[in-house]
Amino acid sequence: GKEPPQERMRKAQEEREMELKDNERKMHDREHDLMYAKKEELREVLLSRAKEMETRGELVIPEAQWVGATRQERHAINRVGFLIYSYRCKYWWYEIADMLRKLLMITVTVFGFDGTVSQVALGMMITVMYLLLALIRQPYRNRTLGIMNLFSLSVQSVTFFYGIILATGELNELAGEEGSQQRYVMGVIVTILNCILILIPIFDLCIEIMPGRYFLRQLLV
């Protein structure tokens with residue numbers, strides 16, 4: 001049998017209402033996507049302009065800090081904070097780079113060129129590269145840690161340089177007593193530098209426990 005006219009009209013009305021709702025939802029989704037795209041585009045433009053102004057010295061942007069402002073940041077600090085917390089936020093990867101340096105020093109220099117001048121020369125090259133990286137990037141949050149890192153790499157470079165001189169026999173070519181004195185003086189210098197490197201943390205600890213430590217630290221740092 002045929003449906004009553006009222007039933008057909010009711011179904012047609014429901015279909016029109018569903019179609020209108022579907023069209024409204026699609027329009028709302030398109031507007032939302034367009035608004036989001038405009039926000040992202042505006043954000044990219046603002047960041048680009050801010051970087052340009054910062055480069056020209058017209059704008060000072062405070063550097064990001066490890067403060068746990070978001071859930072992801074707090075999670076990262078709790079999990080791997082011992083690896084990244086000593087460094088500035090944008091140089092979170094520096095501990096990984098430093099581990100790579102140590103791995104290279106152990107594997108390449110020890111197993112690759114054992115007992116040769118190339119072993120010492122490669123060690124010095126790796127150390128100097130990381131010294132330049134630390135000088136240019138300055139990754140440490142704490143200035144004292146940064147200075148200690150630079151001093152440590154510098155002493156390693158000098159020690160390697162002294163090793164290259166000994167390995168190539170340059171000092172051995174100096175005649176008699178003069179050559180012996182030169183070797184003795186350079187050996188003493190390298191030894192003193194390495195001793196200073198060991199004593200710096202002890203001295204820093206003494207400053208921490210002494211009365212008036214803040215005044216002393218201001219004088220030294």
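How closely do the axes of helix α3 and helix α4 come, and at what angle do they cross?

## Two helices side by side

The axes of α3 (residues 94-112) and α4 (residues 117-137) come within 9 Å and cross at roughly 170°. Axes here are lines fitted to C-alpha atoms over the stretch in contact, with angles from 0 to 180 degrees between N-to-C directions; helices are DSSP runs (H or I, at least four residues), numbered from the N terminus. The two helices are therefore roughly antiparallel, a label for angles over 145 degrees.

This is a predicted model: local features need pLDDT of at least 70, side-chain atom pairs count only at pLDDT 80 or more, and totals for chains, interfaces and linings use all residues. Residues are numbered from 1 along each chain as its sequence is written, and side-chain values use heavy atoms, leaving out hydrogens and water.

## The core

Of its 14 residues, Tyr-94, Ile-126, Tyr-130 and Leu-153 touch the most other members. Helices α3, α4 and α5 (143-168) each supply at least two residues, and α4 gives the most, with six.

Leaving aside neighbours within four places in sequence, Tyr-94 has contacts (heavy atoms within 4.5 Å) that include Tyr-87, Tyr-130 and Leu-133.

Cys-89 is buried at 17% relative accessible area, whereas Cys-195 is partly exposed at 38%. Buried means under 20%, exposed over 50% and partly exposed in between (1.4 Å probe, protein chains only).

Terms used:
Parallel < 35°, antiparallel > 145°, perpendicular 65-115°, else oblique. Core = buried A, V, L, I, M, F, W, Y, C linked by side-chain atoms within 4.5 Å.
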